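Trainee: I have a structure open and would like to learn how to read it. Could you walk me through a few features?

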Amino acid sequence: MSSDGRASLLLLTLSIAAVGIQALMLSPLLTDIAAGLGTQAKEIGFAASAYGLGVASAALLAAPQLGRWPKRTAIRIAFAVLAASLFLCAFAWDWRVLAGAQLIAGLASGVIIPATYALTGDIAPPDRRSQDLGKVLFGWSIAMVAGVPLAAVLSAFVGWRGTFLIVGLVAALMPFAGALLPKATSFGAVGERVRYMDVLRLPGAWVGYLSTFAYMIAFYQTYTFIGDHVRQTHGAGAWLGGTISLAYGVGFGVGVVFDKVIDRKGPTRMLPLGLVLVSINYIVLPFAAERVLTVMAWPFFWGLANHFCMTVLVSYMNSLSPRLRGTIMGLFSFTTYFSLGTAGAVYGPIYQAHGFFAVSLASAVTVAVAAVIALRRSLSARAQ
């Protein structure tokens, strides 16, 4: 790979990391923000929900346009908007202002994420697409491993407002760094508006989106509740939940070593395997959670399986149609954040009534059903 190609991949990875860090840092700052604004934690929770709503809305509304917008330009403009929203968060005088700023941040992120995935697919050679996508997805691992600790450390020295300012400055640098990204695209003529049904009619598209929904809702419903479950089970403090996040993030990052296999075998063939590995994880997870040592170690393997499956999914969706890639990835991001919203709403009562084992088992079954559907698609594609 040329030095320009490596630089482009690094910038795209940093784009995902920057989006991930600002998204994850609200959690450790929640108590301080609530105190600073003279409100309660639940109001700051509305701000977090506003962010998710913004990402899902932007991904859905921008999806038809991502086939006509130059992706590099879209990423740069969206980062400028993200920086402005983070500065507004820093100077928020009321929780409603914070929620509005988080909504704007979500709208910007809802453009950056799919445009970054699509641009990676555009510039990556077909025989290296999964490897290059895996490197860009490593940005989520950076955010998960570094985002929460970084926010906590910064807030100790500069407060929560200073933390938003610093992260906002990082976002403000990204439009300038984005000038180094390549202009060339391979998705077809700029100026073409793509309809949702143009994407959904593609062979294998429904399988991809159903698999994405199953994968994402399974992750969010278990990741949301495992921290509370292990703290209740072992009478531990927040450190145990932090250890789980750290182990998961490290495992997700190490998963890049398997990306060559995806390129060699092809994402259509590997999708059922990725889903099966993730399903097995959710069968093991509640048993691993019964002991402190295993619940600290097992998330590493959870991260490995999720990285493999996530890379397969993104590579699979990217391969459906180079011409429609921007819209495909916009709908992919919408599916991701729709799953996030659905997971808490649907499985919160299940967790409350039946515990973590029921939630994890539901995740395993959901992903297993998707694996069967993906296997049928894979066998059909090989038979043609």
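**Charges at the surface**

Mentor: Exposed means over 50% relative accessible area, buried means under 20%, and partly exposed lies in between (1.4 Å probe, protein chains only). Before we go on, note that this is a predicted model, where local features need pLDDT of at least 70 and side-chain atom pairs count only at pLDDT 80 or more, while totals for chains, interfaces and linings use all residues. Residues are numbered from 1 along each chain as its sequence is written, and side-chain values use heavy atoms, leaving out hydrogens and water.

Trainee: With which residue does Arg-201 meet in a salt bridge?

Mentor: The general idea is that side chains of opposite charge can pair when their charged atoms come close. The rule asks for a side-chain nitrogen of Lys or Arg within 4 Å of a carboxyl oxygen of Asp or Glu. Here Arg-201 pairs with Asp-198, at 3.9 Å from N to O. Asp-198 is partly exposed, with a relative accessible area of 24%.

Trainee: How many salt bridges does this rule count?

Mentor: The count comes to 2 salt bridges. Besides the Arg-201 pair, Arg-96 forms one with Asp-94, where the closest N and O atoms are 3.0 Å apart. Arg-96 is exposed at 53% relative accessible area, whereas Asp-94 is partly exposed at 23%.

Trainee: Which residues gather in a patch of positive charge?

Mentor: A patch takes residues with over 30% relative accessible area and no salt bridge, and joins like charges within 9 Å. Lys and Arg count as positive; His and the chain ends are not counted. Each charge is placed at NZ of Lys or CZ of Arg. In this structure, Arg-6, Lys-135, Lys-260, Arg-264, Lys-265, Arg-269 and Arg-382 gather in such a patch on the surface. Helix α10 (residues 259-265) gives the largest share, 3 residues. Lys-135 sits in helix α6 (residues 129-177) and is partly exposed, at 37% relative accessible area.

Trainee: How many helices and strands does the protein chain have?

Mentor: Helices (H or I, at least four residues) and strands (E, at least two) are DSSP runs, numbered from the N terminus. The protein chain has 14 helices and 0 strands. Its C-alpha trace spans about 60 × 45 × 35 Å along the principal axes.

Trainee: What percentage of the 384 residues is buried?

Mentor: Buried residues make up 53% of them.

Terms used
Patches are made of residues with over 30% relative accessible area and no salt bridge: like charges are joined within 9 Å, nonpolar side chains (Val, Leu, Ile, Met, Phe, Trp, Tyr) within 5 Å. Accessible areas come from the Shrake-Rupley method with a 1.4 Å probe; for residues, only the protein chains shown count as cover.
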